[in-house]
Amino acid sequence: MAKEDPLERIAREEREKQEKKKNGMRGSRGLKSVVITLSVIAGVLAVGLGFQTWRSYKYSGLVSELNVEKDSLMHQFQNLQQDYAQLTSDYENINFALDSSREEINLLVERLKQTDATNRAMMRKYQAELGTLRSIMRNYIVQIDSLNTLNHQLTAEAAAARKEAAQSRRENESLNKEVEALSGQVKAGSALKARGLRLEAYAKNDRQVDKAGRVARMLVSLSLVENAIAERGPVRVYVRVTDPSGNLLSDGRGTSFTIEDQTLEATASREVDYEGEEVDMSIYINSSVKFTAGTYVMEAFTDSGRLGSASLVLRQ
């Protein structure tokens with residue numbers, strides 16, 4: 001093997017050294033590019049993870065608030081359950097109605113337990129039912145107090161009347177007048193009453209709506225409550241619905257009725273058979289007039305008196 005020339009060997013080693021240096025610089029630049037690329041990817045992932053975390057936190061906070069509202073509503077229903085449990089009377093017809101309301105509350109409590117707090121529509125319905133049941137309970141309290149007062153009054157008056165009747169004919173005539181007055185009170189007590197009066201709006205597809213432009217018709221719902229001393233037989237219920245301007249809506253039939261010697265025009269009416277037990281009923285209102293935004297007021301009557309009222313607010 002020929003011996004390499006020293007000058008050529010030095011030149012060769014210098015070339016190899018330069019080649020290694022170039023290769024090292026290329027590797028360094030490649031590594032730097034990889035590091036930069038990975039850093040960008042990591043930054044994008046961090047931003048995405050942060051946004052997802054923010055969205056999850058926001059949704060979690062909303063769900064938490066809705067659960068708090070549901071718990072509050074449940075607490076109010078449970079308090080109402082206790083109030084109804086403590087409410088008693090000496091009158092069979094009122095006790096029967098109280099039992100019916102208690103069953104309704106128990107059913108609503110069970111349904112509320114099974115309803116997701118994020119179901120805002122159902123939560124609003126439960127809130128409305130809570131208000132209705134509270135109003136009904138106040139009516140029960142008023143009826144019980146009135147009947148208790150009347151019972152005590154009747155007892156006292158009957159005792160005094162018996163004593164006076166034994167004294168003279170004149171005092172007996174006075175007693176007869178008192179009896180007539182009490183008969184009038186009994187007649188007032190036999191008048192039909194209603195609960196759960198509601199006025200709702202529906203679109204053409206029979207879905208409940210609250211926007212004036214989508215309303216095709218309205219629906220009045222109510223229950224004639226049990227009354228053991230009320231007259232049995234056909235009962236016609238009249239409803240009067242006025243628009244936000246105070247104008248009476250009409251179904252075009254020209255129905256009218258007389259109450260307290262005054263003849264009134266009705267928006268619509270319906271006849272039901274009443275046998276002393278509670279009767280649920282609904283009356284549809286179809287008006288050719290275009291519904292507008294605002295508050296609609298409904299009043300319900302029978303030939304013997306006013307049953308009550310309800311209102312509905314339509315949005316634009």
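## Exercises on a predicted model

Leaving aside neighbours within four places in sequence, serine 101 is in contact with Tyr84, Ile136 and Tyr140. The structure is a predicted model, and the exercises below start from this residue.

**Exercise 1.** State in which helix serine 101 is found, and decide whether serine 101 counts as buried or exposed.

*Solution.* 
- Step 1: locate the residue. Serine 101 belongs to helix α2, which covers residues 92-114.
- Step 2: take its relative accessibility, which is 1%.
- Step 3: apply the cut-off. Buried means under 20% relative accessible area, so serine 101 with its 1% counts as buried.
- Step 4: With neighbours within four places in sequence set aside, the contacts of serine 101 are Tyr84, Ile136 and Tyr140.

**Exercise 2.** Find which helix holds isoleucine 41, classify the residue by relative accessibility, and name the nonpolar patch on the surface that includes it.

*Solution.* 
- Step 1: isoleucine 41 lies in helix α1, residues 6-86.
- Step 2: the relative accessibility of isoleucine 41 is 44%.
- Step 3: partly exposed covers the range between the buried limit of 20% and the exposed limit of 50%, so isoleucine 41 at 44% counts as partly exposed.
- Step 4: the patch consists of Leu38, Ile41 and Leu45, and together these residues have about 310 Å² of accessible area.

**Exercise 3.** Describe the chain as a whole: how many helices and strands does it have, and what share of its residues is buried?

*Solution.* 
- Step 1: the chain has four helices and nine strands.
- Step 2: from the N terminus on, the elements run α-α-α-α-β-β-β-β-β-β-β-β-β.
- Step 3: of the 316 residues, 30% are buried.
- Step 4: among contacts between residues at least 6 apart in sequence, 67% join residues at least 24 apart.
- Step 5: the accessible surface comes to about 21,100 Å², and carbon and sulfur atoms account for 51% of it.

Terms used. Residues are numbered from 1 along each chain as its sequence is written. This is a predicted model: local features need pLDDT of at least 70, side-chain atom pairs count only at pLDDT 80 or more; totals for chains, interfaces and linings use all residues. Side-chain values use heavy atoms; hydrogens and water are left out. Helices (H or I, at least four residues) and strands (E, at least two) are DSSP runs, numbered from the N terminus. Buried means under 20% relative accessible area, exposed over 50%, partly exposed in between (1.4 Å probe, protein chains only). Contact means heavy atoms within 4.5 Å. Patches are made of residues with over 30% relative accessible area and no salt bridge: like charges are joined within 9 Å, nonpolar side chains (Val, Leu, Ile, Met, Phe, Trp, Tyr) within 5 Å. Accessible areas come from the Shrake-Rupley method with a 1.4 Å probe; for residues, only the protein chains shown count as cover. A salt bridge is a side-chain nitrogen of Lys or Arg within 4 Å of a carboxyl oxygen of Asp or Glu.
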